[in-house]
Amino acid sequence: MGAKDTLARLRRDFTYQRDGVLDVWRVPLGGGQVIGDCEDFALALAFRLARGSWPIFLWHLITFKSVLWYCRARGSGGGHAVLWHRGAGWADNIFPTWAPFTRHRRVFPWPPGLVFLKLGLSPLLAWVNRTVKRAKGGGAGNES
């Protein structure tokens, strides 16, 4: 499946849901429903472009074939994640089509080591989000 088809399928599978107090990054496995925010969309797209293979996904990040960018969102100016993939272009959950440029203001690319760190810390950050939500009386979900 090519990059265009991969993005079209993710666009159908994706439902936006913001994280809680802390930003949790997840690599949604498999080809089904993806619920999350902009980083989850970008990571899911990168993982699917790697054909669902952890070694290929990691290789794409290390060799900068797939690069997660921190941007300022068009309009709101808030922090936003956008994926650039060599040979395909730029895509994100706000503009889920491949483009030769991002429609947002680029700030910096996430170095692979920081992407790995964020992914490694995500179980702890998700636990904090659930704990805060329970303390607020909102159940055990991860949204706020």
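The largest nonpolar core of this predicted model comprises 26 residues, and L43, L45 and F57 have the most contacts inside it. Such a core is a set of buried Ala, Val, Leu, Ile, Met, Phe, Trp, Tyr and Cys residues joined through side-chain atoms within 4.5 Å; buried means under 20% relative accessible area (1.4 Å probe, protein chains only). Helix 1, helix 2, helix 3 (54–62), strand 4 (79–85) and helix 4 each give two or more residues to this core. Helix 2 supplies the largest share, nine residues. Helices (H or I, at least four residues) and strands (E, at least two) are DSSP runs, numbered from the N terminus. L43 touches W25, R26, V27, F57, L68, V115 and L119, residues up to four places away in sequence being left out. Contact requires heavy atoms within 4.5 Å. A second, separate core has five residues, among them V67, C71, V82 and W90.

Helix 1 (residues 3–13) buries T6, L7, A8, L10 and D13. Their cover includes strand 1 (14–16), strand 2 (34–36), helix 2 (38–49) and strand 5 (89–91).

The largest cavity is lined by L61, F64, S66, V67, L68, W110, P112 and V115. Strand 3 (66–72) and helix 4 (112–135) each give two or more residues to this lining. Strand 3 gives the most, three residues.

Residues are numbered from 1 along each chain as its sequence is written. Local features need pLDDT of at least 70 and side-chain atom pairs pLDDT 80 or more, totals for chains, interfaces and linings use all residues, and side-chain values use heavy atoms, without hydrogens and water.

Technical notes
Buried means under 20% relative accessible area, exposed over 50%, partly exposed in between (1.4 Å probe, protein chains only). On a 1 Å grid over the protein atoms alone, a cavity is a set of points where a 1.4 Å probe fits but cannot get out, and a pocket is an open set with protein on both sides within 12 Å along at least five of seven lines; lining residues have an atom within 4 Å of a point.
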